[in-house]
Amino acid sequence: MHQILSTAQLREKYKVDNEGFVRFGDIARGEMLTQCQYGSYYVMGDMPEYPNLGLGLRFRNFERAKSNYHDLDIHVEDVPVLMERYIAHRKEKFGPFA
């Protein structure tokens with residue numbers, strides 16, 4: 001089972017800027033275990049076959065990321081919420097070992 005890191009653990013593991021944002025690509029690769037492009041499908045709301053797990057979470061450069069997903073940042077305090085949603089979705093779609 002994938003462990004969801006606390007905000008403090010995320011701050012130790014990733015570079016967090018002075019506004020509390022971390023690069024989404026780092027979270028996609030390090031926590032979601034996928035490439036940034038595919039991780040962004042779960043938060044951009046552009047792909048009908050992917051749920052929008054980013055609703056209500058704080059992102060930066062969201063509009064710019066629609067043309068370059070590497071520009072997307074997420075607030076470090078919202079990463080645990082995103083991961084709870086992501087893991088629940090994967091379990092529902094693929095079963096308990098996803």
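User: Before that, what kind of model is it, and how are residues numbered?

Analyst: It's a predicted model, where local features need pLDDT of at least 70, side-chain atom pairs count only at pLDDT 80 or more, and totals for chains, interfaces and linings use all residues. Residues are numbered from 1 along each chain as its sequence is written, and side-chain values use heavy atoms, with hydrogens and water left out.

User: OK, at what angle do α2 and α5 pack?

Analyst: Helix α2 (residues 24-32) and helix α5 (residues 79-94) pack at about 45 degrees, and their axes are 12 Å apart. Axes here are lines fitted to C-alpha atoms, for helices over the stretch in contact, with angles running from 0 to 180 degrees between N-to-C directions. Helices are DSSP runs of H or I with at least four residues, strands are E runs of at least two, and both are numbered from the N terminus.

User: What do you call that arrangement of α2 and α5?

Analyst: The two helices are therefore oblique to each other. Under 35 degrees would be roughly parallel, over 145 roughly antiparallel, 65 to 115 roughly perpendicular, and the rest is oblique.

User: Which residues make the contact?

Analyst: From α2 they're Phe24, Ile27, Glu31 and Met32, and from α5 they're Val79, Leu82, Met83 and Tyr86. Contact means heavy atoms within 4.5 Å. By class, that's seven nonpolar residues, no polar ones and one charged. The classes are: Ala, Val, Leu, Ile, Met, Phe, Trp, Tyr, Cys and Pro nonpolar; Asp, Glu, Lys and Arg charged; the others, Gly among them, polar.

User: Which α2 residues are buried?

Analyst: Phe24, Gly25, Ile27, Ala28, Glu31 and Met32 are. Buried means under 20% relative accessible area, exposed is over 50%, and partly exposed is in between (1.4 Å probe, protein chains only). The cover over the buried α2 residues includes α1 (7-13), β1 (21-23), α3, β2, β3 and α5.

User: And what comes just after α2?

Analyst: Leu33, with a positive phi of about 60 degrees, although Leu33 is not a glycine. Leu33 sits in the loop between α2 and α3, and at 63% relative accessibility it counts as exposed.

User: Next helix, then. Why is α3 described as largely enclosed?

Analyst: Because seven of the nine residues of α3 (residues 36-44) are buried. They are Cys36, Gly39, Ser40, Tyr41, Tyr42, Val43 and Met44. Among the elements covering them are α2, β2 (59-60), α4 (62-65) and α5. Gly45 follows α3, with a positive phi near 75 degrees.

User: What about Pro51, what does it touch?

Analyst: Leaving aside neighbours within four places in sequence, Pro51 is in contact with Tyr41, Tyr42 and His89. Pro51 is in the loop between α3 and β2, and counts as partly exposed at 28% relative accessibility.

User: Switching topic: is Asp78 buried or exposed?

Analyst: Asp78 counts as buried, at 9% relative accessibility. Asp78 lies in the loop between β3 and α5. A polar atom of the Asp78 side chain is 2.7 Å from the backbone nitrogen of Arg58.

User: Last one, where's His75 and what does it touch?

Analyst: His75 is in strand β3 (residues 73-75). Not counting residues up to four places away in sequence, His75 touches Glu19, Gly20, Phe21 and Arg58. At 8% relative accessibility, His75 counts as buried.

Note on methods. Polar contact = N/O pair within 3.5 Å; in protein donor to acceptor, adjacent residues only side chain to side chain.
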